[in-house]
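Student: I would like to go through a sheet and the helix beside it. Please show me how to read them.

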Amino acid sequence: MLNEERQRELDRLLDGDFEDADRLRVQASLEDDQEAIDWLADRALMHANLRRSISRRAIEAEVATAERDTIVSFPRPLIRKGIAIAAGIVALLALPLWFQRSDDTTFVTLEQSRSALWQSGDLPTANGSRLGEGTLRLVQGLATLHFDSGAEVILEAPATLILTDEMNCELTNGTAVSDIPDSALGFRIKTPRADVVDYGTRFAVSVHEGTGETHTQVMEGKVQVEYAESDRIVELKTGQRNTVAGESTGEARDGAGWEHLTAPVMPLDFGPGWTLLETVKDAYTGYVHGHNSAELLCVKNAIQTGLINRVPYLGFDLSHIDPQRVDEAELSLTFSPTGWGLASSVPDATFSIFGLVGNVPEWDESILHGEFPGEPQVVHLGSFEVPQGVQKGRFQVDSKALVQFVRDHAGTEISLKVVRDTQETENGGLVHGFASRRHPVLPAPTLAIRLATE
């Protein structure tokens, strides 16, 4: 309960007794004092009722001269309060405006970004920036947004997010992973096909730019997917997913996963003196129903063991390569989004290339989605790192070990193995992928060899 000194101070504010400096000080003190605001509201209501009573009696006094002395007999402080009521009520109604006089219309902080590449938008993109209404376009990487409501949204590229207020935003393409505390229950992500409303803890929404399909998965808690063209609502709980596509609202299903389109890149060009060899065969092991690709070679190192993990194998024909002329060698892989899993669940990822040696079993592309025959010996040829959030681009290995391996096996067919050494930090982590020789646009895995002149 407010002490008497605080009550007197608020009464003086309501009466308009303060000079400007003191008035502003007391108004500022109300911003974090809900009890004082409630007390002031009750006090203003009481004053308003009193003013109506005084006014009514004043009218009666004008009609009945005999009662005029009754009106005059009201204590002067009470009359003064009655006269000041209108100003007090106006001041009370203006409280929200007092708190906004700094003209601060922002409600989101861009806390951090990883490997971020931004496209033209109408909001600042430096870490620590305060953001208001506007659009963010993330071409590459991750960006963490903290809303004043307490909601946290990790934007995974490529993605476009329209900021509306501290409880609402709109995702027009890409993926947003949201972590919602109790203070932001009811946080809403609008998409072209549906609204996703949080009533739990952590969920992800992904929108396909070309079709507007909305994919929702819940890692923990509960959300509601509200279909934009009807009153239907689908409720999702921990471990469930939903797809809204076209006229279909979809059902709540176990698991998660979706696939994005890829964009073309420039062809490889190493210049004169280099021989470029594409794979004569390539495939990956591991199988998850509905999460398979004939165009991309998938790589995954999950918390679980088994076929959920993906390991690509590459075959190159070196039958026409003279080992005495091999000066340099470089393996080039062109990555592209698979659309499966969350980039925020995989940190900076190290990939290793191994050469198969010894008694290498015969294999062909029929191992796709299955298991590799046998467990051949391997030799490490090099590694590269893909930063967190990066899902496309060209990555290379050009080590001395690779050069020696090519020299030792020139004139034959070789097999390489690609492994993601880095494990996901939680279930449902990203499935990386790079183009196979069957990809319609992107370059196949390429072994570039520079041969010395004869």
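**Reading a sheet and its helix**

Tutor: Begin with Q391, which touches A157, F335, S336, P337, A343 and L430, leaving aside residues up to four places away in sequence. Note that this is a predicted model.

Student: Where is Q391 found, and is Q391 buried or exposed?

Tutor: Q391 is in the loop between β20 (377-386) and β21 (393-397). Buried means under 20% relative accessible area. Q391 counts as buried because its relative accessibility is 12%.

Student: In what order do the five strands of the open sheet lie?

Tutor: The order is β15-β17-β22-β19-β20, with antiparallel pairing. β15 (281-285) and β20 are the edge strands, each pairing on one side only. On average, neighbouring strands are turned by 20° against each other, direction ignored.

Student: How many bridges join β19 to β22?

Tutor: Five bridges join β19 (residues 349-357) to β22 (residues 413-420), and the two strands run antiparallel. For S352, the bridge partner in β22 is V419.

Student: Which helix packs on the sheet?

Tutor: Helix α7 (residues 400-409) does, touching β19, β20 and β22. The direction of α7 makes about 145° with that of β20.

Student: Which residues of α7 are buried, and why do they line one face of the helix?

Tutor: The buried residues are L402, V403, F405 and V406. Viewed down the axis of α7, they fall within an arc of 160°, so they line one face. They pack against β18 (326-335), β19, β20, β21, β22 and β24 (446-451). The exposed residues K400 and D408 are on the face turned away from the buried side of α7.

Student: What comes just after α7?

Tutor: G411, with a positive phi of about 90°.

Terms used
Residues numbered from 1 in each chain as written. Predicted model: local features only at pLDDT ≥ 70, side-chain atom pairs only at ≥ 80, totals over all residues. Heavy atoms only, no water. Helix = DSSP H or I, 4+ residues; strand = E, 2+ residues; numbered from the N terminus. Buried < 20%, exposed > 50% of the residue type's maximum accessible area, 1.4 Å probe, protein only. Contact = heavy atoms within 4.5 Å. Pairing = 2+ DSSP bridges. Axes fitted to C-alpha atoms, helices over the stretch in contact; angles between N-to-C directions. Arc of directions from axis to C-beta.
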